[in-house]
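Open the structure in your viewer and keep the selection tool at hand. This tour goes stop by stop.

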Amino acid sequence: MRDGWLSSLDAERPVLIAGPTASGKSALALEVVSRHGGVIVNADALQVFANWRVLTARPGPDEESVAPHLLYGHVAGDAEYSVGHWLRDLQPILNGDARPVIVGGTGLYFTALTSGLASIPPTPPEIRDRATSILRDEGLPALLADLDEASAARIDTRNPMRVQRAWEVLTTTGRGIAAWQDDTPPPLLPLANAQPVLLDADRDWLGERIDRRFDAMIADGALDEARANLDAGFRLTWPSAKAIGAPELIGYLKGDRCLKAAVADGKIATRQFAKRQRTWFRSKMSQWTTVVLP
């Protein structure tokens, strides 16, 4: 089915490639561009950060020499970067001459692109700090208890990032995130105007790939990357600290755990992340063409 999808592509319309971490999205994007031309554009909320390349599996120099890659590593590690920032950065690329092949694992980016994004005011730093403190000290139920019913019913209540975001919106604006979403403007790229594919995979097959890739990251210098972050003043409160495996490797370097435990915990965190991604895809992206791997 993968080869059939590739051969059926229109060389003019934008291509969207989504899937869980370690499923081979970047390799597929390179194959699309090699066959049909275009420019590869990042749709991964962690690969935007400059301070994590190895740990977020950003395309390396070899891949970048094959095709142009945009919106990778262009944001400082301590800078806020939201889906709204990404859409603003993406708009001129959509209006450019090269056909974009947009690839990543952040479902929210794709749904905002193809369904629209509510114009929610930014969260003040003091409210974000409050939310972070509540989550750390009291746990997820404390944030959930404050949410309005409509928002709680709409978001993934097992995802701390989504719950915290909903809490911050309600606290900042006095209006639930569901109400803001209901007033969403038209999308930049309606799904009907693109060629979307969603990679799906057997859980065990994907889990083995995740484990092998994490080991490869360690071999390729993820620890050196983490050490460089620490030397540069890295804090776990930075937006880029959400990089999967970052807290575990930083913890090892600080002496909080042994390397074997850090690697094992990093693999577990990556598998849990992949599970959340697949839940989002099943819920929000049922209209996409699905290619089952391997």
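On the other side of H4, which residues are exposed? Select Arg88 and Pro92: both are exposed there. Bear in mind throughout that this is a predicted model.

**Stop 1: helix H4**

Now select the whole of H4, residues 83-94. The helix has 12 residues and reaches 16 Å from its first C-alpha to its last, close to the 16 Å expected at 1.5 Å a residue. Color Val83, Gly84, Trp86, Leu87, Leu90 and Ile93: these are buried. Look down the axis of H4. The buried residues fall within an arc of 160°, so they line one face of the helix.

What do the buried residues of H4 pack against? Show E2, strand E3 (69-70), strand E4 (100-104) and H5 to see their partners.

**Stop 2: the largest nonpolar core**

Stay with H4 and widen the view. The largest nonpolar core has 28 residues. Select Leu16, Trp86, Leu90, Ile102, Phe110, Leu113 and Trp288, which have the most contacts inside this core. Several elements each supply at least two residues: strand E1 (15-18), strand E2 (39-42), H4, helix H5 (107-115) and helix H14 (259-284). H4 gives the most, with 5 residues. In soluble globular proteins, nonpolar side chains tend to be buried together.

Zoom in on Leu90. Leave aside its neighbours within four places in sequence, and Leu90 is in contact with Val41, Leu71, Ile102 and Leu113. A second, separate core has 24 residues, and it includes Val33, Leu206, Ile210 and Ala274.

**Stop 3: Leu71**

Pick Leu71 from the contacts of Leu90. Leu71 sits in the loop between E3 and H4. Its phi is near 65°, a positive value in a residue other than glycine. Is Leu71 buried or exposed? Leu71 counts as buried, at 12% relative accessibility.

**Stop 4: aromatic pairs**

Show the rings next. The model has 4 aromatic pairs. Start with Trp86 and Tyr109. Their ring centres are 4.6 Å apart and their planes are at 20°, so this pair is stacked. Trp86 belongs to H4 and Tyr109 to H5, so the pair ties together parts that are 23 residues apart in sequence. Trp86 is buried, with a relative accessible area of 0%. Tyr109 counts as buried too, at 3%.

Move on to Phe110 and Trp288. This aromatic pair is edge-to-face, at 5.2 Å centre to centre with 80° between the planes. Phe110 lies in H5, while Trp288 lies in the loop between H14 and strand E6 (289-293), so the pair ties together parts that are 178 residues apart in sequence. Both Phe110 and Trp288 are buried.

Then select Trp52, Phe234 and Trp238. Ring pairs link these residues into a cluster.

**Stop 5: charges over rings**

Keep the rings on screen. Arg175 lies over the face of Trp180, at 4.7 Å from the ring centre. For another case, select Lys284 and Trp280. Lys284 lies over the face of Trp280, at 5.5 Å from the ring centre.

**Stop 6: helix H2**

Select residues 25-36, which form helix H2. Its 12 residues should span 16 Å at 1.5 Å a residue, and its end C-alpha atoms are 16 Å apart, which agrees. Lys25, Leu28, Ala29, Leu30, Val32 and Val33 are buried in H2. Val33 also belongs to the second core. Which residue follows H2? Gly37 does, and its phi is positive, near 80°.

**Stop 7: Ala57**

Find Ala57 in the loop between E2 and helix H3 (61-66). Its phi is near 60°, a positive value in a residue other than glycine. Ala57 is partly exposed, with a relative accessible area of 24%.

**Stop 8**

Go to Leu259, in helix H14. Leu259 counts as partly exposed, at 28% relative accessibility. Not counting residues up to four places away in sequence, Leu259 touches Leu223 and Tyr252. Now draw a distance from Leu259 to Arg203. They are 56 residues apart in sequence and 26 Å apart in space, C-alpha to C-alpha.

Finish at Pro294, in the segment after E6. A cis peptide bond joins Leu293 and Pro294, with omega about 0°.

Definitions and conventions:
Residues numbered from 1 in each chain as written. Predicted model: local features only at pLDDT ≥ 70, side-chain atom pairs only at ≥ 80, totals over all residues. Heavy atoms only, no water. Core = buried A, V, L, I, M, F, W, Y, C linked by side-chain atoms within 4.5 Å. Buried < 20%, exposed > 50% of the residue type's maximum accessible area, 1.4 Å probe, protein only. Helix = DSSP H or I, 4+ residues; strand = E, 2+ residues; numbered from the N terminus. Contact = heavy atoms within 4.5 Å. Expected span 1.5 Å × (residues − 1). Arc of directions from axis to C-beta. Phe/Tyr/Trp six-rings, centres within 6.5 Å; stacked < 30°, edge-to-face > 60°. Lys NZ or Arg CZ within 6 Å of the ring centre and 35° of its normal.
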